[in-house]
Amino acid sequence: MSVAVHALSFTIGFFFVFVGVMKVTPQVNNDTYEDLRKEFGRFNKVFPFYKQTGWRPLAKDYRMTVGIAEIVCGAMLILLPGFLKQVANFVLLFMMLGAVYTHMALGDGLEKMTPSLVFSLLLVCRLIVVRQVEAREASEYVARQDERRRQAAEKSEEEKKDD
């Protein structure tokens with residue numbers, strides 16, 4: 001993978017680990033932790049699957065689940081290879097889209113929605129860059145294989161001429 005993919009994965013992953021830790025514990029910043037506690041009290045009132053299931057989580061459980069998922073997926077973006085990074089990317093993207101929905105359902109302004117929108121776009125950009133790098137690597141692999149076949153064919157023809 002390219003340096004750009006690794007840098008993007010590390011940066012996004014670090015952000016989600018940091019934000020997830022702030023949702024789970026007051027050790028990083030107590031004021032932010034308290035603000036998040038209050039916000040999740042509002043968030044669970046418009047829980048995305050409430051209409052379908054008739055169930056909504058307790059605000060604390062919702063906050064802890066989101067925080068732990070952000071920590072785990074952020075760590076996966078930083079530490080794990082290949083396919084697992086893509087899984088983490090999709091999970092985080094789904095969560096960010098859920099956050100955008102939540103802010104819209106609550107009638108929050110763009111200032112509350114902006115972090116979710118920005119990180120949704122960064123996650124989408126990461127997916128696009130990964131796909132481009134994979135396509136480039138695949139075409140380079142095919143070109144190398146074609147070159148090896150061409151060289152083998154030339155060598156075979158030279159050996160036939162020598163006989």
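## Charges, cysteines and patches

Arg131 is partly exposed, its relative accessible area being 44%. Keep in mind that this is a predicted model. Arg131 pairs up with Glu134 in a salt bridge, where the closest N and O atoms sit 3.0 Å apart. Both residues belong to helix α6 and are three residues apart, about one turn of the helix. Glu134 is partly exposed too, at 32%.

That pair is one of 10 salt bridges in the count. Here are three of them:

| Salt bridge | Closest N to O distance |
|---|---|
| Lys23 and Glu70 | 2.8 Å |
| Arg131 and Glu134 | 3.0 Å |

Take the salt bridge between Lys23 and Glu70. Lys23 lies in helix α1 (residues 3-24) and Glu70 in helix α4, so this pair ties together parts 47 residues apart in sequence. Lys23 counts as buried, with 9% relative accessibility, and Glu70 is buried as well, at 2%.

Lys112 is partly exposed at 34%, while Glu39 counts as buried at 18%. The two also belong to a network of salt bridges that links Glu39, Arg42, Asp108 and Lys112.

Helix α2 (residues 30-43) holds Phe40 too. Phe40 is buried, with a relative accessible area of 4%. Its C-alpha atom is 7.3 Å from that of Lys60, which is 20 residues away along the chain.

What about the cysteines? The disulfide count is zero. Cys73 counts as buried at 7% relative accessibility, whereas Cys125 is partly exposed at 38%.

Leu79, Leu80, Phe83, Leu84, Val87 and Val91 make a nonpolar patch of about 540 Å². Helix α5 (residues 82-106) gives the most to this patch, four residues. Leu79 sits in helix α4 (residues 59-79) and is exposed, at 66% relative accessible area.

There's a charged patch on the surface as well: Glu157, Glu158, Glu159 and Asp162 gather there as negative charge. Glu157 has its place in helix α6 (residues 110-162).

Terms used: Residues are numbered from 1 along each chain as its sequence is written. This is a predicted model: local features need pLDDT of at least 70, side-chain atom pairs count only at pLDDT 80 or more; totals for chains, interfaces and linings use all residues. Side-chain values use heavy atoms; hydrogens and water are left out. Patches are made of residues with over 30% relative accessible area and no salt bridge: like charges are joined within 9 Å, nonpolar side chains (Val, Leu, Ile, Met, Phe, Trp, Tyr) within 5 Å. Accessible areas come from the Shrake-Rupley method with a 1.4 Å probe; for residues, only the protein chains shown count as cover. A salt bridge is a side-chain nitrogen of Lys or Arg within 4 Å of a carboxyl oxygen of Asp or Glu. Lys and Arg count as positive and Asp and Glu as negative; His and the chain ends are not counted. The place of a charge is taken as NZ of Lys, CZ of Arg, CG of Asp or CD of Glu. Helices (H or I, at least four residues) and strands (E, at least two) are DSSP runs, numbered from the N terminus. Buried means under 20% relative accessible area, exposed over 50%, partly exposed in between (1.4 Å probe, protein chains only). A disulfide is a pair of cysteine sulfur atoms within 2.5 Å.
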